[in-house]
Amino acid sequence: MSVNRTRLILEGEVVSTTFTLTNKGEKPVSIVKTSSSCGCTIPKFSKDAIKQGKSGTIELQFNSKGRMGAFSKSAVVKFSDGTQHVLKIEGEVYRKTDKK
C-alpha cells in the first residue's frame with residue numbers, strides 16, 4: 001500500500017497526488033481496473049503498458065466539496081498480471097475561517 005499523508009486543504013478544493021508504480025515483473029503490465037472508496041476520489045492513469053523495470057504513474061484526485069474534517073480515501077489498482085495495489089490519500093479539510 002502507498003499512502004500520501006498530512007494534507008491540509010481548504011473545503012471545496014480538488015487536490016491530486018501522483019503515485020509512481022514500478023514494474024518489477026518479467027513482462028509488461030497494464031492497469032486493467034481501478035475502484036475508489038467513494039465518488040469524491042478519482043484515479044487517473046494511462047492505459048499504456050508498463051515495461052519490465054520501468055515505472056508508470058497514477059494520479060489520485062480528491063474533491064473536498066462538502067467534506068469537512070479528517071479524511072482517508074483509497075483506490076484499488078488491478079494489473080494485467082493479477083496483482084493489485086491500494087493507494088491512499090489522507091489529510092484534513094478545513095473551512096477558510098477554520099485555518100490551522
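**Strands, a loop and a core**

Strand β3 and strand β6 (residues 69–79) run antiparallel and are joined by five bridges. Two strands count as paired if DSSP finds at least two bridges between them. Helices (H or I, at least four residues) and strands (E, at least two) are DSSP runs, numbered from the N terminus. This is a predicted model: local features need pLDDT of at least 70, side-chain atom pairs count only at pLDDT 80 or more, and totals for chains, interfaces and linings use all residues. Residues are numbered from 1 along each chain as its sequence is written, and side-chain values use heavy atoms, leaving out hydrogens and water.

**Strand partners**
- Lys33 stands opposite Lys78 in β6.
- Ten bridges link β6 to strand β7 (residues 84–94), and these two run antiparallel.
- Phe71 has Gly91 in β7 as its bridge partner.
- A hairpin is formed by β6 and β7, with four residues between them, and Gly82 in the turn has a positive phi of about 95°.

**The loop at Ser30**
- Ser30 sits in the loop between β2 (14–22) and β3 (31–36).
- Leaving aside neighbours within four places in sequence, Ser30 is in contact (heavy atoms within 4.5 Å) with residues including Lys47, Lys78 and Phe79.

**The nonpolar core**
- A nonpolar core is a set of buried Ala, Val, Leu, Ile, Met, Phe, Trp, Tyr and Cys residues joined through side-chain atoms within 4.5 Å; buried means under 20% relative accessible area, exposed over 50%, partly exposed in between (1.4 Å probe, protein chains only).
- The largest nonpolar core has 19 residues, of which Ile58, Phe62 and Leu87 touch the most other members.
- β6 gives the most to this core, with four residues.
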